[in-house]
Amino acid sequence: MVNRRTFLKTGSVAGGMGLVSTINALPNRKQEATTRFGIHEFIENHPDAVFIMKTNVDTKTNHDAIKDTAHKFGQTVIVPKENGVPIATLVPIKPNLTNVGFNQTPKDLPQAEAVEYRMGIVTDPWFVEGVIESIKDIGVPADNIWSIETWHLGNWGPMGYDSMTERTGTHMNDTRETKVDDLPPEKVVWKDVPDGVYFEKIPYIWPFNADNTWQLNISKFKTHGMGVTLNCKNIQGTICHDSRGHCSRSSITNFEKSTAWTDIENNYNRHVAEGIPRWDRPGTSGGYWMET
């Protein structure tokens, strides 16, 4: 049984040596009879642990190094497993594309420099590509792998995602910025949320949250005026476009719980009274907005 120290030495600290020994210390993933896969047992057995993988990628524009690092990362943590899911399972991946804000980029920057300027807003497509290649190594067909995002705003091509899906032979959803009522039923995955604060039911973009799927969230740290957000903000982009705008009070009403705004306001008032730092900050970027 590999322990935490051994795992970190082989899967993380090895990053300083180009990750040359990452896979050698773990069971061989190139099993000829692989029919199932999943997350490495050590990670599954330590759900509260945070693993940090050191790398020697020199710049954020060294795409080959980023892809190679992500490939080795995927090979380390996504492995053949006898009790895993079948390799025929659909794999929807959620990168963080969001609104990269080209309209906020200095107007005199050439396109390539504008893309580099905004790279910190999105999950790096070359990192996603490396992870995808590690999943394909196991035997998952490229045709079963999807990158899911509700936003478009002209970002996918310039930020590298269209070409990434072409190189990997995978898919991106074609329902970007489409309202749920305008989608065919097979493109929407409805989920009831009986204990939800905001929604009673949620319309997800297929195949996210569909049956027989293995979902992979590849998010990124993204800061704004009130702090740092990660997973929740990222999963928000898997919801059909007219329901995903719950960063602030909006016109979403058809799936909203009748008590949503009362519950949110009560939570906000409680947190202000408890002295949550900066929660009393006013305005559309303040505490009430963050509570929502």
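1. By the rule applied here, the count comes to one cavity of 30 Å³ or more. The structure is a predicted model, and the points below should be read accordingly. The volume of the largest cavity is about 30 Å³. In general, rolling a probe the size of a water molecule over the atoms shows where empty space is left.

2. Which residues line the largest cavity? The lining consists of Met 119, Val 122, Asp 124, Pro 125, Trp 126 and Met 159. By class, five of the lining residues are nonpolar, none is polar and one is charged.

3. The next point concerns a sheet. Four strands form an open sheet in the order E6-E5-E4-E9, and their pairing is parallel. The edge strands are E6 (171-172) and E9, each of which pairs on one side only.

4. Strand E5, residues 145-147, pairs with E6 in the parallel sense over two bridges. Two bridges are enough for a pair, because the definition asks for at least two. Ser 147 stands opposite Met 172 in E6.

5. The loop between strand E8 (201-205) and strand E9 (216-218) contains Pro 207. Is the peptide bond from Trp 206 to Pro 207 cis or trans? The bond is cis, with omega near 5 degrees. Asn 209 is also found in the loop between E8 and E9. Although Asn 209 is not a glycine, its phi is positive, at about 70 degrees.

6. A positive phi also occurs at Arg 278, a residue other than glycine, where the value is near 70 degrees. Arg 278 lies in the loop between helix H8 (260-273) and helix H9 (287-291). Is Arg 278 buried, partly exposed or exposed? Arg 278 has a relative accessible area of 45% and is therefore partly exposed, since that class lies between 20% and 50%.

7. The last point concerns Ser 258, which is placed in the loop between helix H7 (231-235) and H8. Its relative accessible area is 73%, so Ser 258 is classed as exposed, the cut-off for that class being over 50%. How far apart are the C-alpha atoms of Ser 258 and Phe 199? The two atoms are separated by 9.0 Å, while the residues are 59 apart along the chain.

Methods: Residues are numbered from 1 along each chain as its sequence is written. This is a predicted model: local features need pLDDT of at least 70, side-chain atom pairs count only at pLDDT 80 or more; totals for chains, interfaces and linings use all residues. Side-chain values use heavy atoms; hydrogens and water are left out. Buried means under 20% relative accessible area, exposed over 50%, partly exposed in between (1.4 Å probe, protein chains only). On a 1 Å grid over the protein atoms alone, a cavity is a set of points where a 1.4 Å probe fits but cannot get out, and a pocket is an open set with protein on both sides within 12 Å along at least five of seven lines; lining residues have an atom within 4 Å of a point. Grid points are joined across faces, edges and corners, and a volume is the space filled by probe spheres set on the points. Ala, Val, Leu, Ile, Met, Phe, Trp, Tyr, Cys and Pro count as nonpolar, Asp, Glu, Lys and Arg as charged, and the others, Gly among them, as polar.
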